[in-house]
Amino acid sequence: MHRITPHQPHPLFNTAATRRLEKAAAAALPPHTLMQRAGLAVAQLAQALAPHARTVWIACGPGNNGGDGLEAAMHLQRSGRKVIVTWLGQPDTAPADARASWQRARDAGVAWADAAPNDLDANDLCIDALLGIGVASSPHSPPRTPDARLLTCLQALHHSPAPVLAVDLPSGLDADTGQFAAGLTPDTPPHLHHRAPTPRHTLSLLTLKPGLFTATGRDAAGHVWLDDLGVEPGHEPPNAWLSGPALPAPRAHASHKGSYGDVAVVGGEGLAARGMGMAGAALLAASAALHSGAGRVLVTLLDDGHLQLDPQQPELMLRRFDALALEQLTMVCGCGGGQAIAHVLPEVISRAARLVLDADALNTIATQAALHALVVARGQHGQPTVITPHPLEAARLLGLTTAEVQADRLDAAQQLADQFNCVAVLKGSGTVIAAPDRVPAINPTGNARLATAGTGDVLAGMVGAHLAAGASAWRAASEAVYQHGQAADVWPAGLALTASALARRVGG
Ligand SMILES: NC(=O)C1=CN([C@@H]2O[C@H](COP(=O)(O)OP(=O)(O)OC[C@H]3O[C@@H](n4cnc5c(N)ncnc54)[C@H](O)[C@@H]3O)[C@@H](O)[C@H]2O)[C@@H](O)CC1
Ligand SMILES: [K+]
């Protein structure tokens, strides 16, 4: 068993792949072995996380996830803990494994209760074994009406003042998408909004599931641990990867500014056009490219030449669009581009050597099929392209709603990559990176401090710098996304995270 950190990549397996592995392993082992291993692992982690817990309340659902909880209850009771179990199953209808573990918990003498004890506090521990990968949350099947006792237990776990250890998954979370099944989404009553969150841990069993790392999964799961139950993935291919850090690419002493490429940022509609000055977005992207190691950074502002120098960043070279040698440049196009970006997009997309498309470039492409076709053609000509939409921009590109994109972020990112024939970065909690013909990746770094204006522009500039230095579109995207999130993760407490400060720190 080990804790999952962002320091190395990890393969992720969806529900179907996990079921196949489970079936093959179960067939090769004596009956009940997997659940016994799972319950023991849960009990061991519970002891390690809360060695002094007064009471351990274990909420067990009717299926095998509940069986894992019952097995853990037996171990914790035997090791002298005060264990209270709420079981929503019945001995005559429970799966065979769960029934065997119920019998073992009974024989060990655990206490049974209909609901959560009402005197739980921060010195206790709750174990969430209500639902695991058996949760049915297909958007195509009608929402189930969950049983009232299940809902009461779920609420007690969501609002628990005691730390919570979830078995396999936070109950109700879909292992494939990181979204809660209909009717099972946690709600936070207003009086709890300002309370410090209680520690949350999830012990994933057999495999790590993608839903733990994207959409609402990251917040729901808290610290993620894995116990593989002694089962190797064998020939089962992963459905996605959790990214690890970039391999260091040392700079040769005999290098010069030309070795790391020229990045040109095009964007920043002027104040005169529609009364909305957006030059800042382009300057942020340019600053990020500069601090991420680009040799030279050129900036073309779509502001009719009003700005001739950024005194805060004199390294940036302002250029008119017609003075750019597009075929030799890595272009970052769209940050703060407004409507003005539409005039330059056809040329940028057709001619740029390497290209990052963000923000208003994406919004414009979403409305013009001819531009879409030009992006697809870049891939056919071997010209690297990365698109960096947030969920609303992704929804526009795919003709979906934002909710539909968020309902299955891995699938949405893959659709973007396939439809636009490029590397797609779907931003948000657990940013997804996808490319045609390869397994997508979920980024493990970053936090809510990045939810502030301009951080997306910073990311676009960083991707541009990595591309200009010679990385493939896939590497440029994954490494930039990782470092962008990591900068936020190590951000000094008490220092405001602003996009311009982030841009200055991204190079480490
Ligand atoms: N079978 C095995 O070999 C192993 C199973 N393991 C555990 O078993 C779990 C999977 O067990 P199951 O397949 O029994 O599934 P679960 O125990 O996750 O869930 C099944 C139960 O949830 C109910 N349910 C499903 N969707 C619902 C919804 N939307 N609203 C309300 N109720 C809903 C079902 O009616 C069923 O009673 C794993 O997550 C893991 O914890 C582990 O012990 C490892 C080995
Ligand atoms: K669970």
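Which atom of ligand 1 does a backbone N or O atom of Asn64 lie 2.8 Å from? It's an oxygen atom, and that's where I'd like to start today.

Quick housekeeping. This is a predicted model, where local features need pLDDT of at least 70 and side-chain atom pairs count only at pLDDT 80 or more, while totals for chains, interfaces and linings use all residues. Residues are numbered from 1 along each chain as its sequence is written, chains are lettered from A and ligands numbered from 1 in the order in which they are written, and side-chain values use heavy atoms, with hydrogens and water left out.

Okay, ligand 1. It has 22 residues around it, and the closest are Asn64, Asn65, Asp68, Gly132 and Asp168; being near here takes a heavy atom within 4 Å. Glu22 puts a polar side-chain atom 2.9 Å from a nitrogen atom of the ligand. On its own, ligand 1 exposes 870 Å², and the protein buries 86% of that (Shrake-Rupley areas, 1.4 Å probe).

Who makes up that shell? By class, twelve residues are nonpolar, five polar and five charged (Asp, Glu, Lys and Arg count as charged; Ala, Val, Leu, Ile, Met, Phe, Trp, Tyr, Cys and Pro as nonpolar; the others, Gly among them, as polar). Helices α1 (15-28), α2 (33-49) and α3 (64-78) each supply at least two of the shell residues (helices are DSSP runs of H or I, at least four residues; strands are runs of E, at least two).

Now the potassium ion, ligand 2. Asn65 turns up again, through OD1, together with Asp128 (O), Leu131 (O), Val167 (O), Leu169 (O) and Ser171 (OG), at 2.6 to 3.0 Å. Donors are N, O and S atoms within 2.8 Å of a metal, or 3.2 Å for Na, K and Ca, and since water is not among the atoms, sites may look incomplete. The six donor atoms subtend angles of 69 to 172 degrees, so the arrangement is irregular; six donors count as octahedral if opposite ones are over 155 degrees apart and all others between 65 and 115.

Leu131 sits in the loop between β6 (125-129) and α5 (148-158), and Val167 in strand β7 (residues 164-167), so this pair ties together parts 36 residues apart in sequence. Leu131 counts as buried because its relative accessibility is 17%, and Val167 is buried too, at 1% (buried means under 20%).

Notes
A polar contact is a pair of N or O atoms within 3.5 Å; within protein, one must be able to donate a hydrogen and the other to accept it, and residues adjacent in sequence count only if both atoms are side-chain atoms. Four donors count as tetrahedral if all angles lie between 85 and 135 degrees; four count as square planar and six as octahedral if opposite donors are over 155 degrees apart and all others between 65 and 115; anything else is irregular. Buried means under 20% relative accessible area, exposed over 50%, partly exposed in between (1.4 Å probe, protein chains only).
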